[in-house]
Amino acid sequence: MKKQHLLIIAFAILILFIIQSAGTLVESIYILDLMNSSLDAKVLGVLFFFAPLLFLPFFKKFARPLLWVLFGMLFISRGLLPYLNTSNRLIVSGIATAASLSLFFLLITSQPAVSRWASAGLALAVATSVLLRTAGHGIDYSLMPSGSWVGWLLGLVLASSLFIIARQPGEMKQAYGGNPTLPVLGLYLILTLVYFSVSAPAVISRWTEANYTLIVCVVSLLSLGWAWVAINRPSLLERLSARVLVIWNLLFTLSLTLSLNLSFSFNLNLS
């Protein structure tokens, strides 16, 4: 199997794990604080999202050993999530979130020219997340005890991909330069947007009052279509200028805002 295919698989599973563990962390904090009139120490669980900043100084000198330490943390914590109660889920999902985000940043800073493969992996992760939520009737099937085998299986596939990638000589060297602050911030915003806007078809259906089946099909086809373009027609993506990306994002923000406003007005009229 070609290296780019292994990178796509690794990024797809890793981003899927980020979506799942981060969602479980936020959900656990919300549930445990739901009966309180004020926020308590459980809210500090959001600090797990910033754990990669602690590992950044070690990416250059200890990339290879850190790769397997982070994977081990992720494999065990993500695998255990379906079996735990809410209190334990908060801690374990926090560890999984910290490990998955750190491993993600380690890969993109140690592998040269990964932008195309990372975007394809992101698209496949979204499509897989939609599939698992559809299979679980709105709840991620792999986070249910009956579907826990899916998480372990995906973890083993991720391990195999990382093992082959890491064995290739000279591939775990630092590949970034300059100030990483803005790129890191941009990646956080992208992952946040993916989680809140396109990874949960039931939420989209609720916001827009649209047919659930139609939403699943559209999100899946768009995600798979983007992955196909990134792999087979990369020249199309290279033609996108900064101006086009800015306009594209502004249009997306405008359409999302209008969808939320229309949904809110519709629900208000019904009540």
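# Close-up views of a predicted model

Phe75 is partly exposed, at a relative accessible area of 22%. This and every other value below comes from a predicted model.

**View 1. Phe75 and Trp152 form an aromatic pair.** The ring centres of Phe75 and Trp152 lie 5.2 Å apart, with the planes at 70 degrees. Planes over 60 degrees apart count as edge-to-face, so the Phe75–Trp152 pair is edge-to-face. Trp152 is partly exposed too, with a relative accessible area of 25%. Phe75 belongs to helix 3 and Trp152 to helix 6, so this pair ties together parts 77 residues apart in sequence. Ring pairs also link Trp68, Phe71, Phe75 and Trp152 into a cluster. The structure has 5 aromatic pairs.

**View 2. Helix 3 meets helix 6.** Helix 3 spans residues 63–80, and helix 6 spans residues 148–167. Their axes come within 9 Å and cross at roughly 175 degrees. Angles over 145 degrees count as roughly antiparallel, and helix 3 and helix 6 are therefore roughly antiparallel to each other. On the helix 3 side, the contact residues include Arg64, Leu67, Trp68, Phe71, Leu74 and Phe75. Ile76, Arg78, Gly79 and Leu80 of helix 3 also take part. Helix 6 contributes Gly151, Trp152, Gly155, Leu156 and Leu158, among others. Ala159, Leu162, Phe163, Ala166 and Arg167 of helix 6 belong to the contact as well. The residues of this contact divide into 14 nonpolar, 3 polar and 3 charged.

**View 3. Phe104 and Phe105 form an aromatic pair.** What is the geometry of the Phe104 and Phe105 rings? Their centres are 5.7 Å apart and their planes stand at 65 degrees, so the pair is edge-to-face. Phe104 is buried, with a relative accessible area of 4%. Phe105 counts as buried at 2% relative accessibility.

**View 4. Ser21 sits in helix 1.** Helix 1 covers residues 3–33 and holds Ser21. Is Ser21 buried or exposed? At 0% relative accessibility, Ser21 counts as buried. The Ser21 side chain reaches the backbone oxygen of Phe17 at 2.7 Å. Leaving out residues up to four places away in sequence, Ser21 touches Leu81, Ser93, Ala96, Thr97 and Ser100.

Note on methods:
Residues are numbered from 1 along each chain as its sequence is written. This is a predicted model: local features need pLDDT of at least 70, side-chain atom pairs count only at pLDDT 80 or more; totals for chains, interfaces and linings use all residues. Side-chain values use heavy atoms; hydrogens and water are left out. Axes are lines fitted to C-alpha atoms, for helices over the stretch in contact, and angles run from 0 to 180 degrees between N-to-C directions. Helices (H or I, at least four residues) and strands (E, at least two) are DSSP runs, numbered from the N terminus. Angles under 35 degrees count as roughly parallel, over 145 as roughly antiparallel, 65 to 115 as roughly perpendicular and the rest as oblique. Contact means heavy atoms within 4.5 Å. Ala, Val, Leu, Ile, Met, Phe, Trp, Tyr, Cys and Pro count as nonpolar, Asp, Glu, Lys and Arg as charged, and the others, Gly among them, as polar. Rings of Phe, Tyr and Trp (its six-membered ring) pair if their centres lie within 6.5 Å; planes under 30 degrees apart count as stacked, over 60 as edge-to-face and the rest as tilted. Buried means under 20% relative accessible area, exposed over 50%, partly exposed in between (1.4 Å probe, protein chains only). A polar contact is a pair of N or O atoms within 3.5 Å; within protein, one must be able to donate a hydrogen and the other to accept it, and residues adjacent in sequence count only if both atoms are side-chain atoms.
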